[in-house]
Amino acid sequence: MAKIILAAIEQREGKLKRNAFEVMSTAKRLADELGLQPIAICIGNNIDGLGEAATTYGITKVIHYRSSELENYSPSAYTDIISAYGKEIEAEYLIFSNTSLGRDLAPRTAVRLSAGCLIDCIYLRNTNGEVIALRPVFAGKAIMEAKINGEVKVFTIRPNVFKTETAGDKVKADVEIREIGNPNLGTKVIAVKKSEGKLDVAEADIIVSGGRGLKGPENFKLIEELAEVLGGAVGASRAVVDAGWRNHGEQVGQTGKTVSPKLYIACGISGAIQHLAGMSTSRYIVAINKDKDAPIFNIADYGIAGDLFEIIPALTEEIRKIK
Amino acid sequence: MKIAVCVSNVPDTATKIKIGADGKSIESAGVTYIINPYDEYAIEEALKTKEKTGGEVVVISLGADASKETIRKALAMGADQGVLLKKDGCYDSFSVAQALAEEIKAQNCELVFMGKQSVDYDNCITGQLTAEILGYNCISVVVNFKLEGNKITAEREIEGGREVVETELPAIITTQKGLNEPRYASLKGIMASKKKVIEEKPAKDMSDLTEIIRLTIPSAKQPGRIIGTDASAVSELVRLLREEAKVI
């Protein structure tokens, strides 16, 4: 019987997010390349569209561990459930998304399964039957090529980097529901505090970030307006967070969040290495900065070397026209 | 209560990285090492907790001799005791976690703080691994921490907000920026730290579960186009984003 690659997918408030599709699609691709059977596992209460999503991405079996007590994350219960299921099916590979949940859960599961664990992979390829991972280290200044020795292997994949591909031959996924009676709630989330209705940089397709070039916290409204017409999130450099202009939740870079949006617009950000570490895997980078020698222009696809107080409002206006 | 803080020293984030002759590690000559930035929040939270509950703070580091400087810094901030588990060139989080777990157990520490990740190999998993090996509870990426008796209530950062998490001792907490403002070592603290003992012993040899095949420096991206120097370039930028990049 084929060995198993387990796609550990996450739900929030009963919904699957894009990172779940990325994990399923990556598991399916590796399964095809390595001759494995892909299975998805999801823990939660009621989950919308689980079977449909699995069918779309070519996963033929999904197991849903259900409990009204597990709608929110519980590190202890989730670890127990996934590692027990991994043992039951003798999974050889487990793939998680490198989200706040996946990064917390994957290493715990790895210990239980005596597995090696590689985190925040940006590329996974099959070389002669072995999975080789690429992951940024030293804040993206170097790339580590690594593999896991051991029978069980756990990987987390950076969100927004892996492609989702819908399966060519759609076979309706079989969804198995297992009710969980007494989950181990030794460590559990008792409440979720959402930041006021704002899109988070870690989940946005488009990010507009501001730095010291904005000269003062009040001028961030230019950034907010541009982000709004683009349907994107507001990001910030470390300098402006340390200066108290913006919240740490918006900080992009080494001591903030690592992001990989489709489009990253850096305004008044010079491009310190700590900042580049957090956003250099963005698909397209636009830089607006008055200093044409700023390092941000070295990694930008497009740049305007001019006064952001003139350029950002014009850009907001131009985009508003086409939307 | 005995509280442990695990610290590591890492290349200064402003340092230029060069790959060593083996192709698998970085060239250490010319690199300035600093305390891992996230570990400073761990030290501060340990000291704050000790000030409330009493007890002592032991600093544990795994690494080469140079890690002693990092331990000394924590001692100068107010930690009581240091342990250096000596090992060169260790990158595998499992090996690190196993060695740390052994020392935490030997020291009988019920509460452990460590940075949420070290900014060298950026693994972000050592705390969770160590906790799981010890059978301790663990909350990662913590920005708010409260201990009442045996009960811990903490907030951890997630996409779009925070999770409020409850658990009990024994536990490992991994610390994130925003948790506190790390104190500076006072002159008195620096003087006192010189008299404190750092115990040195070899880290137990563990087999790594992951293997580095090689490290490479990513090829520099071709700098993009500077489209213009004022607002007249905006329409061309929008056209490129729509037609060439197809991202808006």
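Visitor: How far apart do the C-alpha centres of domain 1 and domain 2 of chain A lie?

Guide: Domain bounds here come from an automatic or database domain assignment. In this predicted model, those two centres of chain A are 32 Å apart. Domain 1 covers 4–179 and domain 2 covers 201–322.

Visitor: And how many residues does the contact take from each domain?

Guide: Two residues are in contact if their C-beta atoms, placed from the backbone, lie within 7 Å. On that basis, domain 1 of chain A gives 7 residues and domain 2 of chain A gives 9. The domain 1 side has 4 nonpolar, 2 polar and 1 charged residues. For the classes, Ala, Val, Leu, Ile, Met, Phe, Trp, Tyr, Cys and Pro are nonpolar, Asp, Glu, Lys and Arg are charged, and the others, Gly among them, are polar.

Visitor: How many residues of chain A are in contact with chain B?

Guide: The size of an interface is often given as the accessible area lost when the parts come together. Counting contacts instead, 72 residues of chain A touch 67 residues of chain B. The chain A side divides into 38 nonpolar, 15 polar and 19 charged residues.

Visitor: Which strand of chain B is joined to strand 13 of chain A?

Guide: Strands are DSSP runs of E, at least two residues, and helices are runs of H or I, at least four, numbered from the N terminus. Two strands pair if DSSP finds at least two bridges between them. Strand 13 (residues 188–194) of chain A runs antiparallel to strand 9 (residues 161–168) of chain B, with 6 bridges.

Visitor: Why does V111(A) count as buried?

Guide: Buried means 20 or more other C-beta atoms within 10 Å of the residue's own, exposed means 12 or fewer, and partly exposed is in between, with C-beta atoms placed from the backbone. V111(A) is buried because it has 23 such neighbours. V111(A) sits in helix 4 (residues 100–112) of chain A. Leaving aside neighbours within four places in sequence, V111(A) is in contact with L129(B), E132(B) and I133(B).

Technical notes. Residues numbered from 1 in each chain as written. Chains lettered and ligands numbered in written order. Predicted model: local features only at pLDDT ≥ 70, side-chain atom pairs only at ≥ 80, totals over all residues.
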